[in-house]
Amino acid sequence: MDRKDIIRVVMEKEYQISPEAVELICSSNSPEALLRYVLSTVNDSVIVIGTEHIDLEDFAAFSAGESISDKVHVFRTEKKKIFSSASILSSRSDNPSSKPNSLLVPDSLSKPTLSLKPDIVTAAPDPIIKSSKDSVLDSVLDSVLDSVPDSVSVQDMLQDIAYEPALDTPNTLDTPNTLDTPNTLDTKSSVTSSDQTSASYLASDSLSSVKAEPLTFLSRSSQVINRSNSPFFGQENSLPFSSSNRIFRAEQSSSSSERGIFSSSRDEYKHYPGKNPVTVVSDITGHSTCVGEYMQFVQYFRDRYSRLSEIIRGRINARPIESLKRRNFRRGGDAGSEEISIIGMVSDISSTTNGHKILSLEDPTGSFSVLIRNSDKELFELASGILLDEVIGVAGSITNDGSLMLATKLIQPDVPNNIQRRTGSHGKAVLISDVHVGSSKFLEDAWLDFLDFLKGESDSDDMREIAASVRYLVVAGDIVDGIGIYPDQEMELDILDVYEQYKKAAEYFREIPEHIRVIISPGNHDAVRQAEPQPALPENIQAYFPENIVFVGNPAFLELDGVRLLIYHGRSIDDLVASVPGVSYQEPSGAVLEMLKRRHLAPTYGSRVSISPEKKDYFIIDPVPDIIHTGHVHTLGVQRYKNVLLVNSGTWQDQTEFQKRVNLVPVPARVPIVDLENFDVKILAFD
Amino acid sequence: MGETIASKEMHEYFDELEARLKEAIKIANTARARGGDPKPIVEIPLAKDLADRVENLIGVDGVAAKIRELENKMSREEAALEIGRQVAEGEVGSFATKKDAVEAAIRVSMATLTEGVVAAPIEGIDKVELGKNDDGSQYIRIFYSGPIRSAGGTAQALSVLVGDYVRRGIGIDRYKPRPEEVERYVEEILLYKKVASLQYMPSEDEIRLIVKNCPVCIDGDPTEEAEVEGHRDLERIGTNRVRGGMCLVLAEGLALKAPKVKKHVNKLNMDGWDWLTTLIGGAKAGEDEENEQKNKIKPKDKYIRDLIAGRPVFSHPSRPGGFRLRYGRSRNTSFAAAGINPSTMVLLDDFITNGTQLKVERPGKAAAMSAVDSIEGPTVRLRSGDLVRVDNIKEAYELRSQVEVIVDIGEILINYGDFLENNHPLMPSPYVFEWWIYDYEAACSEEIPEEELKNPSSFLALRLAEEYEVPLHPKFTYLWHDIDRNEFEALRKFVAEKGNFSVEDGILRLPLKACMESGVKFILEKLLLLHRVKADTILIEEALPFILCLGLDHQLKEKAKMPDTDNMVEAAALLSGFKVLPRAPSRIGARMGRPEKSNLRKMSPAAQVLFPIGNAGGITRNIVSASSYSASMNGKIGEIEVEMGIRECPACGKETYFWRCDCGEYTRPKLFCHRCKIEVRNSETCPKCGRKPTSVANVKLDFHSIYKQAFENVGEREKMALIKGVKRLMNGQMTPEPLEKGILRAKHNVYIFKDGTVRYDMSDIPLTHIRADEIGITAAKLRELGYVEDVYGKPLERDDQIVCLKVQDLVISYDGGEYMLRIAKYVDDLLVKYYGVEPYYNAETIQDLVGALLIGLAPHTSAGVLGRLIGFTRASVGYAHPFFHASKRRNCDGDEDCVMLLMDGILNFSRSYLPDKRGGKMDAPLVLTTRIDPKEVDKEAHNIDVPARYPLEFYKATQEIKNPTELEGIMDLVSSRLGTPEQYDHFMFTHDTSDIAAGPLNSSYKTLGSMIEKMEAQLALADKIRAVDAPDVAERVLKSHFLPDLLGNLRSFSRQRMRCIKCGEKFRRPPLTGACPKCGGNVVLTVHEGAVRKYLEISKEIGERYGVSSYTRQRIELVDNDICSLFENHRVKQLGLSDFMSGSAR
C-alpha cells in the first residue's frame, strides 16, 4: 500500500490527510490495518487527519485484541504518541552522526538602532553573542536512541526527559555569562532541550522533527548548517526549511504524478532568474481557495494551530486539552500537584476582580482556562502582552477542582535563541513602502530625488557609490493612494482615476535602471482585495509596469539570491499598537518584533485585519527569514531580533488630515538600505 | 404650580379623567392586594405636576415642595439651578458625602429642566466623582453616559453649569486639564462623529476652547466600541474607548447651546465663563446665516447628503418643481408636521402618506406629513401632453397611470411656529389667496361670495385688478420667476406669431408641433400654465391674463415694448399694467426619511411572559416545550436549569424563587456575596469585601409542575402550541412574572415589553380639531365624552361639525384599536381568572373602547401621560393634541411612541422586572402624569400658532426675510395664552382638510418587497420628477448606501463572528473543534457571501444606467474585483476526487 492509495482511501471516506500522517501510516508494519483502524476511530469533526489522530499504541492494542477476540477497544492516551514517533524515528534514523554544535557562532542583536540623522546613518552590527550548546545531551540521547530502538522503555525515558527540563530553560540572552563559553556543561542545560529543539526544528532534515519531540534535538547540526548555506534550489528533497514544510514538500515531490490536494506549495516556487534572482517561496497569488464557507475558517485556524503548536511542542511536552478534563488531578497526598503543559490558541482574555488574568486556551480537542496570578510579576507582565488568537504553550498545575490551570510558565513560539545569522549575498536591497502616488500629499520632489539616486545621478559620490551596489528595490505596499479607501478620499486626491494613479506610478518605475530588480507587494490602498493574504496586483495593472518587475502578494516570502525576505504590508500593526503595551507607531519595528515572537504576522482575528480563510495560514512566520519588511504606518523603524532584521520603511506621503487628527507624525522620504552581505542598514534621507 | 387655569368645561374634563383613573387604581389595588404580583399595590405613582415627577424620579425628599416654592418666584431654569444649589449645600435632602450631594444636586437640577419626564437625569449621568488637579486641588468629574442624549442640548449644557454652580458652593476648585487631555477630547469627538452621529460638530479649536476653560470636567463611560488611536492611556481618563455621553454634552450641549448657557451665566453673575463669548462670536458668525440675513436664502443640500436606497428624493434643494412653501396651519399639522395635498402622496407613487417622515431642506431637519387637501396638489404632464394640476385625490388615482412628468410636486403647508421654533428666517411667502384676500379687502368693498373669490373667473380677476388695482389673483399668476428673459421673449414672440386667441371662449390655441420644436411647451410647463392638447393644438383656457402679462392685446399684438429688466415677474407686471407678485418664490427640497409606523411592540425576540426557561424552550423560547423538556434521555421531564433569584420567607424561613411564599408571606431576596461565600443580611453591600451581593443562582426548577399549576390556576386548557418566554431574566433579583399571565397573553395573542406591559407603537401626528365622522364615532358619542360645542361655538349636533380636541384625547389607528381590544380582553380574563375580581372593560368591539383610558409613553422617557381614547383612524398613526405629544417630550418630526391600556399598565407593571443595566429604567412608566399643564410641557409646543388666519404684516415680513422672533407679538401663539383658560380652548387653524387620513394607507416603502425593488421605484420616481436630478440620486445612493454597505459587509465577512444554530452562542472566531463547544451544535457564519454580494449587481447596473462619475464607477469595479477575488477559487482547475483517481490510475 503506497501513499497514493492511502490518500485515495482517506478521500473516499471524505477526510483529508496530512502528509505526515501518510508517512506515518506508510511506515507502519501493516499500513492497511492501521489505516482502517484510524478511519474507524477518527472523530467526525476531524477534517484533516494528522499524526495526532493516529494512535499507534491503541492500534497495537487493538490489533492484538483483534487477534484474540473480535472486540474493539477504543481508548487513547497521550503518551503513546511520543512512543509512536519515537519508534518511527528510530526505525528511520539514518543520520550518520551528530556532532556537538559548539562551533556555531550565532549573532544576535536586539537593540533598536533607529536613528534619523539627515544624511547617511549606519546601523552598526551589535556585538556577537554566542549561545552555548551542549553536546553532552545530544550524545546521550543519540546513544539512547542507537542502543534502544523501538522499545517501551525509551518512551518512558524520553518522557521523563521531556517533562522536567522544559520547565526552567534558561534563555541564552538572559545569561550573558555564557558568552564565549562554548561547551560549558551547565547543570541546568545538561537537561535542557528547548533551545536545541528549536534549532533542530529549523534546520534538521529528519522526519521525526515534524513531531518535534524532545529527541529531535539530536540535530545533525554542523552538517545541516552547511547545507542551509548552500544554494538549495534545484536540490530535490533538501530544502532547508522548517521541517514540517520540508516534509510537506518532499512528500509531494515524491508523488509527483499526483496533482492532489497538497500540490499547492509546489506552485509557489516561482523563480525569476537573472543577475538578481528572486524566488517566491510563499505567496497567495493564484492560490486563493477561499469561497466563503464556514469550514474554511475552521481549517484556517486549525492550520495556524497545528503549525504554531508544532514549533512550541519542541519545548514542552503538551497534552491535548481534552485530557485535562478526563483526568483526575486531585492532589494525591504529599506529592503536590503535578505539572502539566498544554498548547492552545487564546480564545479569550479576561481579568478577575482581584486583577489576575484568565486566558482561555483552545486546541482541537477542547478548551481550558489558565490563571496567571498578578503576584508573579514577570509572568503577569508577559501575560499582559498575550493577544487573542495567538498560539502559546502553558505549563502549570491544575487546581483541585480541575477547572483551572495555575500557570507557572508561558511559552511563545518565538525565534530560537541560537538561530544562525546566515551569511548573505552581496550588494544592497532598498526597502520602501507607502508611496501613495495620486495623493495630494504625495511628496513628488523627494520621490524624484530618490529616483535620481537609484539612477546614480545623485550629487554626492557616496550616494552614487551606494546606488551602484543596489540590486533590489522592494516595495511593501500602498504604491498608489487608491480610491474609496476612506470616506471623502476624493478631496485628498490629485489623481482621481485609480488606473491613472498606477500609470503614473509605472512611469516612475520605468525610470529605475534595469540592473535593479524591483519587487512590488500590495497594501490596503492598492487595487486588490482587501482581505489578506492579498494577491499580487492584477495583470491589467502589472501591464503598465516594466516587464522585469516582480509582483508578489501580501505577505510574501522571498529569496533574494539566497537572502530570505518576508514582506508584509503591516495592517496588523494597528492591532498590535492597540493591544500590546509599549508598542507604538513611533517605533513600528517593535510591533514587528511582537509578530516574530508569536511567529505570526497578524495574530488577532476580527479586529483591523481582514482575512481570507485560506487552507494555509500565510501569516505564519516559518521559516524564520533574514529580513522582515513592513510598512503601512508611515514611520520608520529598524531593529534586530535574534538575527532577524526588522525594517518598517516610511512613506512618501506627507501628513494627512487623518494623521493630523490622531497625532501621527509620518517619517517621509527616508529609505533604509540593507547590505545583503552583512545585513547592515543605512538610512538615506531624501527630504 | 398651583391650580390648573382652565375653563369650567376643561376642569370638568380633568376631574372626570382623574376620577376614572382613581377608580381604576382602586380596582387594580384590590386585585394586586391578592398577592399575584411582586408588590401588593399599583407601582406607578401619580404625579400631578412637574415637582411631583422630579421628586418621584430622583427620590430626594422635599424637592417637590421646594420646586413649587421656587417656581413662584423665578423661571423654570433659574429654579432648576437654585434647587441644585440647595441640594448640594444640604438645605434640601441629606447625603452621606459631599460627592453624593453634588451628584443628587445635578440630577435634581437636570430633572427640573427636563420637566421630570426624561430618563436622562437618572440614566444619563452615571456618577459624579472628585478628581485631583496637578496643583493638588480637587475638581468635579461628571460621568455622562449615552442616555444623556434624551435630555436635549439645553439641559445637557445647563447640567454642566449646575455642576459648576454647586461646586463653588462647597469649595471645590475648577478642572485644570493637561494639554494631552485637551487633544484627547478633540480626537475623541471627531471619532465619535464618525462612528455615531452628531447634530452639531464643533471645530477643533472650539473643542479646545471648551475643554481648556470649562470649570467642570466632562467625563463619561465608554459607549462605543471604537478606541482613540493617538492620546491613549491617559492617567486621568479611564478608557481608550469613545465616551459618547461626553461627546454629546460637549458638542450638542455646550458648543451648540452656548448662547443659552451664557444667558444664565450672566443672570447668575458667574465668573469663569467669559470664554463663551469667544465661542459664540467665533463660530456662530456662520456664512449661512449671514447670507440669509442679506435677503438671500441659499439652497441647503444637507438633507440629501446621506441618501438611502428606497427612500426617494422628492426635490433637490430649492429647485423649481419642488415643494412650494405655503404658510399656514391645518388641524393636523404644526409642531414639526407639515401638510401636503393627498394627491401629491398618490402621484409620488405612494411613498408619502400620513405620518411618513420627510427630511426637509428647511425650516427644520425633518417633518412628518399630513394630508391637507385645501392646498394645491402636483402639476403633471400627461402622456397626451396635457398639463394639469391634480388637487383631488380621486383624480390623482385616475390620472396616475397617464403621468409622464411631474412638473411640480405641489404645495407644502408649514406653519409660522415651525420657523419660530427652528429660528429660521422667514422665507418669502408666495402670493396666495390668504394674502390676496387682504389686498382685495383693502381695495374693494364689493360683496363677492368667498367661493367665487377663491376661484374667480379670469374676467373677475382682471376686473378686480383693473378697477381696484388689486394684485392679479394667484390663480392667474404664473411662475414668471422660473423663466429667464430669453424664454420670456421667445414665448411672447411665439404667442404673438403663432397664437390664436378667441375672446368668446377665452381659449388661446397654439400649434403643438411648433410649440415642441421651439421649446415653448417647455416654457409653458415651467410657468405652470395649465393646458390641454387636442388635435395637435395646445389649448389654454382663461388665457387672457396670461396674454396680457406677455404684453399682448386681445389680438395678440404686442402693445408694449419689452421692459429693460431681468426680473420676469416685474416684466409681466410692467407689460400688463397689473400688480403681479411672485407665485412660488420659496421652494423646499425634501426626501423621504422613515416610513410611518403603526404596529404592536415586540421585544426581539418577542416574549409573552417574563419567565426564564434558558435553552429549554428552543430558539422560539417556547414555554410549552420547556414544560416537557428533559436535559438527557432519562432526565426528569420538565426540569430545567435557569438563573433565578433565591428568596426567603421571613415568616416561615422557607426558600423559594418567587415573591410569595406558600404561606402567603411576601418573600425577600436572600443575598449572597459569592466572593466571600457569605450570606448578607440587612445590608446593601457585603460587610466583608464591600461588593454588591446578589441573590442570583443557577437552579434546577421543576418547571413541569409550575406549568401545570399555572394552567390550573387560570382554568385554561393545556392546548396551547406556543407561549413565548425569555431565555434569561434581566432584572437584578431575577424576579419572574407569574406564568399565568403568559398563558392568558398567549390566549389573546398579545406580547409584552421588558416591564410587563403590552404596547402599541404609532408615529406621532398632531391633531387639534376633529370631526366625529372621520374618527369613526358619532356626535352623540362625542357629547357623551364631554364635547359640547363646535369650533365656531355652535352646539354639537352633527357628525361633520369640527370640534376642538381636548388635550388628553387620542385617536389611534384601527389596527391599534384592534390590539387594544385584545389587550382589554386579556386584562378582563386576568382580572377574572387570575385575580378573581370583576372584569373591567367588558369590551366586545373596538367601539366599546371609546372613552377608555390609555397611557402614552415615549422612548427615552420615564413618565407616562394619561390619555383617553376617543376614536380611530385609517391612517397608520397616532393622533393626539400637540400638548400631549409635548408632555411626552416628543415633537412630530417623524417620531413614534407607544400607548398602553391603563389597566394593563397598573396591573402588570412592576419596577422589579426592569433590567438592571444602563438604560433599563428608560421607556418605563416610572410615574404617570395625570393632567397636562401646557406650562410644563416641552417648550417647543409654546411656539405653535393657533389663529384662524395670519395677519397681513406676516406676509409682508416674509418678503423681507425677517427673523420669526420679530413677529412673535402679532402672531397668536400658545405662549401668549399660557396662564389663561385660553391655553386649552379656542384654538383655530388656517387651512382645513376634508379628511385627516386621506392618502394611501401605507407608504410604498413598506409595501415594496426587496431593497432592489424599492431602489428601482425610487429611481423611477426620480426620473419622473422635474425637480429631481436622477443621476445625482443614483450617485448619492451608490456613495452613501450601496458602496458603504458593500465595503462594510466585505470587511465584516473577513472579520466575522460565528454563531451556533442550536444554542445561539456567538463566537469571535470559529472554535478549533468546528462545532459549538457548549452544545455541540453546528456553527455557521454570520455574514455570508450573499450578504456581501447583495447590492453588487444593482450597483453596477445603476452606475451604468445613470452614468455616474467615473470615480464612483471605478469604486464599484474595485469592489467587484475584491469580491471575486475573495469568493472565487483562484486555482483554475478544481481538483476533485475524480481527478485524483485518474491521477492514481496513471
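**Exercise 1. Find the charged atoms that bring A:Arg529 and A:Glu614 together, and say where the two residues sit.**

Start with the contact: A:Arg529 and A:Glu614 join their side chains in a salt bridge, 3.1 Å from N to O. The term asks for a side-chain nitrogen of Lys or Arg within 4 Å of a carboxyl oxygen of Asp or Glu. A:Arg529 is in the loop between strand 13 (517–521) and helix 18 (539–542) of chain A, and A:Glu614 is in the loop between helix 20 (588–598) and strand 17 (627–630) of chain A. The pair links distant parts of the chain, 85 residues apart. (Helices, H or I with at least four residues, and strands, E with at least two, are DSSP runs numbered from the N terminus.) Last, check the cover: A:Arg529 and A:Glu614 are both buried. Buried is under 20% relative accessible area, exposed is over 50%, and partly exposed is in between, with a 1.4 Å probe and protein chains only.

A word on the model: it is predicted, so local features need pLDDT of at least 70 and side-chain atom pairs pLDDT 80 or more, while totals for chains, interfaces and linings use all residues. Residues are numbered from 1 along each chain as its sequence is written, chains are lettered from A and ligands numbered from 1 in the order written, and side-chain values use heavy atoms, without hydrogens and water.

**Exercise 2. Classify the ring pairs B:Tyr327 with B:Phe419 and B:Tyr478 with B:Trp480.**

You need the rule: rings of Phe, Tyr and Trp (its six-membered ring) pair if their centres lie within 6.5 Å; planes under 30 degrees apart are stacked, over 60 edge-to-face, and the rest tilted. Over all chains, there are 46 aromatic pairs. For B:Tyr327 and B:Phe419, the centres are 5.3 Å apart and the planes at 55°, so call the pair tilted. B:Tyr327 is in strand 6 (residues 323–327) and B:Phe419 in helix 16 (residues 416–422), both of chain B, so the pair ties together parts 92 residues apart in sequence. B:Tyr327 and B:Phe419 are both buried.

Then take B:Tyr478 and B:Trp480: with 6.3 Å centre to centre and 80° between the planes, the pair is edge-to-face. B:Tyr478 is buried at 7% relative accessibility, and B:Trp480 is buried at 0%.
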